[in-house]
Amino acid sequence: MDSLLFVYNTSSGFWSKKIDFAHKILSPDTYACSLCSLTHGNFVETDSWKTFRESQKTPMEFIYKNEFETQYPHIKTTYPVVFSVTSNGSLKVVLSSKELNKMTSVEMLISVLNK
């Protein structure tokens, strides 16, 4: 595995971020990005996720779904999703949205990624 690409189930942009922030706080049970919920608190990434991320040798990239769709218009997927990216640029799903949605803690995510 050359690198990991994490794709959030939200869009970039000022208003999208503001709406997501409010949704995450006001109605966390219906918030659509389980990856965001696992790795971030209400304001910043969790300490355990930050420690894990910073300790990894595998490069990691984090992008929003609209950015992914611009960079990879030929790939159809559901969000959030984690891909491995090979040196030739091909993508392989490491964690599907279905798998991410079942996770209940950042420790579960870290455990799976460590394998």
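Biologist: How do you know that β1 and strand β2 (residues 60-64) are a pair?

Modeller: Five bridges join β1 to β2, in the parallel sense. Strands pair when at least two bridges are found between them, so five bridges are enough for β1 and β2. In this pairing Tyr 8 stands opposite Tyr 64 of β2. Do keep in mind that this is a predicted model.

Biologist: What makes β1 and β3 a pair, and in which sense do they run?

Modeller: Strand β1 (residues 3-8) and β3 are joined by five bridges and run antiparallel. With at least two bridges required, β1 and β3 therefore count as paired.

Biologist: How many bridges join β3 and strand β4 (residues 91-95)?

Modeller: Four bridges join β3 to β4, again in the antiparallel sense. Val 82, for example, stands opposite Leu 95 of β4. The hairpin of β3 and β4 has five residues between the strands, and Gly 89 in that hairpin has a positive phi near 90°. As background, most residues other than glycine have a negative phi.

Biologist: What is the order of the strands in the sheet?

Modeller: The four strands form an open sheet in the order β2-β1-β3-β4, and the pairing is mixed.

Biologist: What makes β2 and β4 edge strands?

Modeller: Each of β2 and β4 pairs on one side only. From one strand to the next, the twist averages 30°.

Biologist: Why is β1 called largely enclosed?

Modeller: Six of the six residues of β1 are buried, so the rest of the structure largely encloses this strand. Buried requires under 20% relative accessible area. Ser 3, Leu 5 and Val 7 point one way from β1, Leu 4, Phe 6 and Tyr 8 point the other way, and all are buried.

Biologist: How do you know that β3 is mostly covered?

Modeller: Five of the five residues in β3 (residues 81-85) are buried. Val 81, Phe 83 and Val 85 point one way, with Val 82 and Ser 84 pointing the other way, and both groups are buried. For the protein as a whole, 33% of the 115 residues count as buried.

Biologist: Why are helices α3 and α6 called roughly parallel?

Modeller: Helix α3 (residues 47-55) packs against helix α6 (residues 106-114) at an angle of about 15°, with the axes 10 Å apart. Angles under 35 degrees count as roughly parallel, so α3 is roughly parallel to α6. Their crossing is left-handed. In this contact, α3 contributes Ser 48, Trp 49 and Phe 52, while α6 contributes Val 106, Glu 107, Leu 109, Ile 110, Leu 113 and Asn 114. Sorted by class, the contact has six nonpolar, two polar and one charged residues.

Biologist: Where does α6 lie, and at what angle to β4 does it run?

Modeller: Helix α6 lies across β1 and β4, and its angle to β4 is about 135°.

Biologist: Why does His 40 count as partly exposed?

Modeller: His 40 has 25% relative accessibility. Buried would need under 20% and exposed over 50%, so His 40 falls in between and counts as partly exposed. His 40 is in the loop between α2 (34-39) and α3. The C-alpha atoms of His 40 and Val 106 are 9.0 Å apart, with 66 residues separating the two along the chain.

Biologist: What kind of peptide bond joins Tyr 79 and Pro 80?

Modeller: The bond between Tyr 79 and Pro 80 is cis, with omega about -5°. Most peptide bonds are trans. Pro 80 lies in the loop between α4 (65-71) and β3.

Biologist: And the whole chain: how many helices and strands are there in the protein?

Modeller: The protein has six helices and four strands. Read from the N terminus, the elements run β-α-α-α-β-α-β-β-α-α. Of the contacts between residues at least 6 apart in sequence, 58% join residues at least 24 apart.

How values were computed. Residues are numbered from 1 along each chain as its sequence is written. This is a predicted model: local features need pLDDT of at least 70, side-chain atom pairs count only at pLDDT 80 or more; totals for chains, interfaces and linings use all residues. Side-chain values use heavy atoms; hydrogens and water are left out. Buried means under 20% relative accessible area, exposed over 50%, partly exposed in between (1.4 Å probe, protein chains only). Axes are lines fitted to C-alpha atoms, for helices over the stretch in contact, and angles run from 0 to 180 degrees between N-to-C directions. Angles under 35 degrees count as roughly parallel, over 145 as roughly antiparallel, 65 to 115 as roughly perpendicular and the rest as oblique. A crossing is left-handed if the near helix is turned anticlockwise from the far one by less than a right angle, and right-handed if clockwise. Contact means heavy atoms within 4.5 Å. Ala, Val, Leu, Ile, Met, Phe, Trp, Tyr, Cys and Pro count as nonpolar, Asp, Glu, Lys and Arg as charged, and the others, Gly among them, as polar.
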